[in-house]
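Student: I have a new model open and would like to go through it. Can you take my questions one at a time?

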4 protein chains.
Amino acid sequence: MNPRSPDWDVRVRESFAKQGAMALLGATISELHPGACSIAMPFRADLSQQNGFFHAGMTSAIADSSCGYAAMTLFGERSEVLTVEFKINLIAPADGERLVAEGVVIRSGRTLTICTSTVYAERGPQRIACAIMQATLMRVDAR
Amino acid sequence: MNPRSPDWDVRVRESFAKQGAMALLGATISELHPGACSIAMPFRADLSQQNGFFHAGMTSAIADSSCGYAAMTLFGERSEVLTVEFKINLIAPADGERLVAEGVVIRSGRTLTICTSTVYAERGPQRIACAIMQATLMRVDAR
Amino acid sequence: MNPRSPDWDVRVRESFAKQGAMALLGATISELHPGACSIAMPFRADLSQQNGFFHAGMTSAIADSSCGYAAMTLFGERSEVLTVEFKINLIAPADGERLVAEGVVIRSGRTLTICTSTVYAERGPQRIACAIMQATLMRVDAR
Amino acid sequence: MNPRSPDWDVRVRESFAKQGAMALLGATISELHPGACSIAMPFRADLSQQNGFFHAGMTSAIADSSCGYAAMTLFGERSEVLTVEFKINLIAPADGERLVAEGVVIRSGRTLTICTSTVYAERGPQRIACAIMQATLMRVDAR
C-alpha cells in the first residue's frame, strides 16, 4: 500500500502524541508501516478489570487506535482520521505482561477505510491472540 | 426484570470497585437498577484523542462496563460477568463536560445476556447521544 | 425528521421494487415514514434454517433493507444508499408466522447515516423481538 | 484443529441440506475441512439489490452459514450450532459471476466459537474480497 504523503510517518506520530488517552494508558507505537500500525501497552493494575486481566475497554482502546493510525498512514497531508464504528470479540483472557494491538488496512477507499486488528497478550516469549477487531474509519479534511 | 440475588446491588458495586481501569478513568456508577447501569466520566485532558474530545476507546470502556454491570444485576450470587463482544457506533463528537453511558439489558438468557448502551455527552443542561453500543455478555460461575 | 426530497416515498418504493432479493424472499414494505421503514416477510419453508425457524441470513436481509430504506427516506433526489456495515444479535428464535423488521434512523449525517432495526417474530396477536441490528449506511450520488 | 466426532463431515452436510434458505439461494458447500467451510452462490437476478450486485443480505446469509458450519465441524455428535451474532463490513461491490464465503474458526471454546469469513466476488479467473465478517456461534446440545 502506498502512502499519499511523504511525511506520513511524522504526521501519524504527531497525532498519536496529542492523544492524552494513549499517554494515560502507557501505550506507545511499536510498529508503523504504510497500511499497518501496532500499539503496545505494558500491564498495570490500573488497566485491569475485576479479575486482574486487562479491561476490555483498555484492550479496545489500543485496538481502535491501531486501526485509526493504520488508516492514517495512507492519508494525504491535510487529512485526519475519525472512528466511525468498531466491533471487537474478546476471544481469550487478556492476561499478560503486555498487550500488542496490530492494526492493518483491509480496504482503503476515498472516504472510508476498513481495518482489522488482532490484539496479542504477551508473557515472556509467549503470545496468544486475545481479541479481534473490525473497524470503519473516516478520512476528514482538516479545517 | 427481577434480580436473582438479594444483594445484587452490593455485589455489582464491589466488582466495579475492583476494576482498576474505572478508577483510572475517574468513572463512577451514577445509576443502578435491576437490568440497568449508568456510568459517568467527567472530562479530563488525559481521556482525549487528538482533537480534545473523549477518545473513542475511553467512550467504549464505560459503555462496555455499563453493559456488563447491567447484565450482572440479574445474575445469581456466585456468578461473574465477561464481555464476549461489543460493537459501537460513534455517532457524534464526544464533546462535553462529562460522558454518561446508560446500559440496559435487552435479553437475559441462561448463559448469554444481550445489552445496549447509549452514551451521552453532557454540557450544562444539554446532552446529546454520541455513541450507541450492542454487546454480548456471558455469565461465568465463580470458582 | 425531515425528508429533503418531496417524492421520497415514491423513490424508496421504486428502489425496493428493483431489489430482486426482496421479491425472492416475499418481503414487502409494511410501514414507511421519514426516518423509518418496516419490512415484513411471511414464513416459508424455504426461508428456514435446519430447525424450521427463519434463517439468520434471511432475518438479516430484511433488517438490512429496513435500515437502508429508513436512511433513504431522508436523502435528496439523486442519492442512493449503500450498506457500509451492520451488526446483528439474534436474541430469540425467529419462530413465527411472519417477521417484521422495523428500521429507524438514529443519526443522519452528510455522508453516513446510522440506523437501528428491531426484528419481531409474530404469531397471531403475539410478537417477540428476535433480533437487533446496528447499521451504517452511506449516501452515494447517482451517476 | 481436531474434530470431536468421526462423522463431522456427514453431519455438517446433513444439517446444510435441511436449510431451506440455502437451497433457495442456490448456495452449496464448496470446501469443508475441520475448522473451515466455504459456501458458493452463483449470481442470479433474484439475489440482487437495486444496482444488480448481490444483495448485502444474501452476501451475509452465506457468510453466516460459512461461519456456522466451520464451527460445527469441531462439535461433538449431538451438538448443533446457533448464530449468536455477526458483524459484516461490505468492502467492495459484490459484483461477479459467483460469491464464495470462506469461513474459518478463530477460537473454539466449550460454549462459544468465534469465526471470521471473507466473501469473494469471482469473475472468470479474477476474485476480489467484497465482505468480511466476525461472528459468534454457540454450541447447543440436541434434545
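Student: In which hand does helix 3 of chain A pass helix 3 of chain B?

Tutor: The crossing is right-handed; a crossing counts as right-handed if the near helix is turned clockwise from the far one by less than a right angle, and left-handed if anticlockwise. Before going on: this is a predicted model, where local features need pLDDT of at least 70, side-chain atom pairs count only at pLDDT 80 or more, and totals for chains, interfaces and linings use all residues. Residues are numbered from 1 along each chain as its sequence is written, chains are lettered from A and ligands numbered from 1 in the order written, and side-chain values use heavy atoms, without hydrogens and water.

Student: What angle do helix 3 of chain A and helix 3 of chain B make?

Tutor: About 155°, with their axes 8 Å apart. Axes are lines fitted to C-alpha atoms, for helices over the stretch in contact, and angles run from 0 to 180 degrees between N-to-C directions. The two helices are therefore roughly antiparallel to each other, a label for angles over 145 degrees. Each helix 3 spans residues 56-72; helices are DSSP runs of H or I with at least four residues, strands are runs of E with at least two, and both are numbered from the N terminus.

Student: Which residues meet there?

Tutor: Ala56(A), Gly57(A), Met58(A), Ala61(A) and Asp64(A) meet Ala56(B), Gly57(B), Met58(B), Ala61(B) and Asp64(B), contact being heavy atoms within 4.5 Å.

Student: New topic. How many strands form the sheet with 1(A) and 1(B)?

Tutor: 12, in an open sheet with antiparallel pairing, ordered 1(A)-2(A)-4(A)-5(A)-6(A)-3(A)-3(B)-6(B)-5(B)-4(B)-2(B)-1(B). Two strands pair if DSSP finds at least two bridges between them.

Student: Which strands stand at the edges?

Tutor: Strand 1 (28-33) of chain A and strand 1 (28-33) of chain B; each has a single partner strand, so one side of each lacks a neighbour in the sheet. Neighbouring strands of this sheet are turned by 25° against each other on average, direction ignored.

Student: What joins strand 4 of chain A to strand 5 of chain A?

Tutor: 10 bridges, between residues 98-108 and residues 112-123. Val100(A), for instance, stands opposite Tyr120(A).

Student: And in chain D, what is the bridge partner of Met41(D)?

Tutor: Leu99(D), in strand 4 of chain D. Seven bridges join strand 2 of chain D to that strand.

Conventions
Angles under 35 degrees count as roughly parallel, over 145 as roughly antiparallel, 65 to 115 as roughly perpendicular and the rest as oblique.
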